[in-house]
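Please take me through this structure in the viewer, one selection after another. At each stop, say what to select and what is found there.

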Amino acid sequence: MTLKLSVIGCGYLGATHAACMSSLGFEVVGIDTDQSKVDLLQSGRLPFYEPGLDTLLAAEMKTGRLSFTIDFSAVADADVHFICVGTPQSKDGLAADLTYVKSSVAAIAPHLKDGSLVVGKSTVPVGYTEKVQQKFNTKNIIFSPEFLTERTAKLDMLTQSRIVIGGNAQHTEKILELFKARFGQKHYVLTDSTTAEFIKYMANTFLAVKVSVVNEFYRMSEALGADWDKALEGFVSDPRIGNSHTQVPGHDGKLGFGGTCFPKDINALITMGKELGVDMNTLEAALKTNLEVRPEQDWKYLVGRAITPTPTPHQK
């Protein structure tokens, strides 16, 4: 029997996850509170640009395996629920805002059938999944981070280099079986939810640091009058370094890192470090460099994805 999946939150991550899982043969229902977004997806169109995903979405809608709705009761017969909502940087500080995650869990809780599993995909503070387990007195909530990159999200999702699954061993094994049935023999990392959450932050913040370091190299190359293209070629030819996240300027024609993930995640991990009494000197230096080369801080305009919207008077 084919498992039925639900995807909560149909933004960049959720829509990608839903379409790709459908293409792997699962029956998938995507849930979102935005009627206009749901209408667009239900018609086979994306509310954002992502190469190749639009074609995949349109094809999957024709199969009958994929659907979208604002009705949370539609998750009732799903076996596995993926939480894919945004966790933007809070306007009141540097930590992640969990408003969307909390409301999503609360919305599906009354409709969960016995034995179903909830899988967090949204980036959350380290230790959060365990707190949710304690709140609901259940072990059927696990965490499995996504590692998608804009412009290659479809490819990243369908050809994942590693899949991390964190939580209670009994339940992580079930998700492992689900993934293995479709992805085959990938590099699977089974661990506890806290470690899985930390792995996500480690990956994103390390890559952010790499971007900042290469930007500093670029600025020095300009000052020296060196041939940057040749310098970069010689640098990334070392297999220990690799050429990912070394394009300066970036794909958007700007220096440094922007987008919806790196700025909020590096701020969140620095904040966590302070709370734990751990100095995150390297991350703080990388953030300083990024603010120097990208002073416009354009990620702040990605409201709802990179930073929490300012509440209207009736919401306060």
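## Helix H8 against helix H11

H8 passes H11 in a left-handed crossing. The model on screen is a predicted one. Select residues 193-224 for H8 and residues 281-293 for H11. Their axes come within 9 Å and cross at roughly 50°, so the two helices are oblique to each other.

Next, show the side chains at this contact. From H8, select Thr205, Val209, Ser212, Asn215, Glu216 and Arg219. From H11, select Thr282, Leu283, Ala286, Thr289, Asn290, Glu292 and Val293. By class, the contact of H8 with H11 has 4 nonpolar, 6 polar and 3 charged residues.

## Helix H10 against helix H11

The axes of H10 and H11 come within 10 Å, and they cross at roughly 145°. The crossing of this pair is left-handed.

On the H10 side, pick Ile266, Asn267, Leu269, Ile270 and Lys274. They meet Leu283, Glu284, Ala286 and Leu287 in H11. The residues of this contact divide into 6 nonpolar, 1 polar and 2 charged. Leu283 and Ala286 of H11 are listed in the contact with H10, and both also belong to the contact with H8.

## Phe257

Is Phe257 buried or exposed? Phe257 has a relative accessible area of 4% and is buried, because buried means under 20%.

Leaving out residues up to four places away in sequence, Phe257 touches Ala208, Val211, Ser212, Phe262, Pro263, Ile266, Ala286, Asn290, Arg294 and Trp299. Several of these have already come up on the tour: Ser212, Ala286 and Asn290 are part of the contact of H8 with H11, and Ile266 is part of the contact of H10 with H11.

For a distance check, draw a line from the C-alpha of Phe257 to the C-alpha of Leu178. The two residues are 79 apart in sequence and 34 Å apart in space.

A cis peptide bond joins Val248 and Pro249, with omega about -10°. Most peptide bonds are trans, and most residues other than glycine have a negative phi.

Gln297 is not a glycine, yet its phi is positive, about 45°. With a relative accessible area of 22%, Gln297 is partly exposed.

Then go to Asn137, in the loop between helix H5 (128-136) and strand S6 (141-143). Asn137 also has a positive phi, about 50°, although it is not a glycine. At 72% relative accessibility, Asn137 counts as exposed, because the cut-off for exposed is over 50%.

## Helix H1 against helix H3

Select H1 (residues 12-23) and H3 (residues 53-63). This pair packs at an angle of about 55°, with the axes 9 Å apart. That angle makes H1 oblique to H3. The crossing of H1 and H3 is left-handed.

Show Thr16, Ala19, Cys20, Ser22 and Ser23 in H1. Facing them in the contact are Leu53, Leu56, Leu57, Glu60 and Thr63 in H3. The contact residues divide into 5 nonpolar, 4 polar and 1 charged.

## The cysteines

How many disulfides are there? The count comes to 0, since a disulfide is a pair of cysteine sulfur atoms within 2.5 Å. Return to Cys20: the nearest cysteine sulfur, that of Cys84, is 11 Å away, and Cys20 is in no disulfide. Cys20 is buried, with a relative accessible area of 0%.

Then select Cys261, which is in no disulfide either. The nearest cysteine sulfur to Cys261 is that of Cys84, 12 Å away. At 26% relative accessibility, Cys261 counts as partly exposed.

## Last stop: Ala106

Finish in helix H4 (residues 99-108) by selecting Ala106. Ala106 has a relative accessibility of 47% and counts as partly exposed.

Definitions and conventions: Residues are numbered from 1 along each chain as its sequence is written. This is a predicted model: local features need pLDDT of at least 70, side-chain atom pairs count only at pLDDT 80 or more; totals for chains, interfaces and linings use all residues. Side-chain values use heavy atoms; hydrogens and water are left out. Buried means under 20% relative accessible area, exposed over 50%, partly exposed in between (1.4 Å probe, protein chains only). Axes are lines fitted to C-alpha atoms, for helices over the stretch in contact, and angles run from 0 to 180 degrees between N-to-C directions. Helices (H or I, at least four residues) and strands (E, at least two) are DSSP runs, numbered from the N terminus. Angles under 35 degrees count as roughly parallel, over 145 as roughly antiparallel, 65 to 115 as roughly perpendicular and the rest as oblique. A crossing is left-handed if the near helix is turned anticlockwise from the far one by less than a right angle, and right-handed if clockwise. Contact means heavy atoms within 4.5 Å. Ala, Val, Leu, Ile, Met, Phe, Trp, Tyr, Cys and Pro count as nonpolar, Asp, Glu, Lys and Arg as charged, and the others, Gly among them, as polar.
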